[in-house]
Amino acid sequence: MSNESASSREPPDTREEIMHATYNALHKHGYAGLSISRIAEEGDFSKSTFYHHFDDKDDILLSFADFIILQFEQGLDRESTRGPIEELYLFMNFALGNHPLAEGRPDAVERMGVWIELRSQSIHDPAFAEKFTETTDKYVEHLTGIIADGIEQGVFNDVDARKTAIYLLTTVDGAILQVTTRTDDLRPVVWEHMNEYIKDYVIRGDIDLDELPFDAEFELSAGTE
């Protein structure tokens, strides 16, 4: 795919620069209007630099999907100081795009729109379908682990961890599709009922959420609206 001897002469952050340029170009032009020239225009590099790293548009977009996944996973880095309930709420808020944003980063709805734009290619392209199946499986595995930990520690009911994770993530997928294709934001409504499900079905009834050291409610953070 890439010319390693040529790419090794590029600055170490060239690939990341290409990823950010791809994001900007995809957001502005959509998949149909995306081209190598437009990606290069968004970054400070030439088309030849692009081809040192990637073969074509689909090659960069599949790598770009990995880039987005990695950023999401870095934001969800599990810490031993957090318990399963806090981990669960943190994960669900991140998945719904409700978290503080670093200065200069695009808002959550904009990022979700780019994600949906990419994911829609799975309908016609087996390579994208395989990539997003792999992605979904990673998220299911992560959330399943959180729920399984909660069951083991006695704070969650003895639910089927994997099936519960799939259900919650499928609900999130629906919310993301809605928020990126409507003029209003239904995430608070979705969260209200999802939170009821978590409290009634997942978390043990004798756990007092008011005593937990975090806010289990969903309020759009600054920069996510």
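View 1. E42 has a relative accessibility of 25% and so counts as partly exposed, a class lying between buried (under 20% relative accessible area) and exposed (over 50%), with a 1.4 Å probe and protein chains only. E42 and K28 form a salt bridge whose closest N and O atoms are 2.9 Å apart, the term requiring a side-chain nitrogen of Lys or Arg within 4 Å of a carboxyl oxygen of Asp or Glu. The pair links distant parts of the chain, 14 residues apart, with E42 in helix 3 (residues 36–42) and K28 in helix 2 (residues 14–33); helices are DSSP runs of H or I with at least four residues, numbered from the N terminus. The model is predicted, with local features needing pLDDT of at least 70 and side-chain atom pairs counting only at pLDDT 80 or more, whereas totals for chains, interfaces and linings use all residues. Residues are numbered from 1 along each chain as its sequence is written, and side-chain values use heavy atoms, leaving out hydrogens and water.

**View 2. E134, K138 and T135 in helix 8.** The side chains of E134 and K138 meet in a salt bridge at 4.0 Å, N to O; because these residues are four apart in helix 8, about one helical turn separates them. T135, which lies in helix 8 (residues 126–152), is buried at 2% relative accessible area, and, leaving aside neighbours within four places in sequence, T135 is in contact (heavy atoms within 4.5 Å) with I69 and W115.

**View 3. The salt bridge of R182 and D184.** The closest N and O atoms of R182 and D184 are 2.7 Å apart.

Terms used:
Helices (H or I, at least four residues) and strands (E, at least two) are DSSP runs, numbered from the N terminus.
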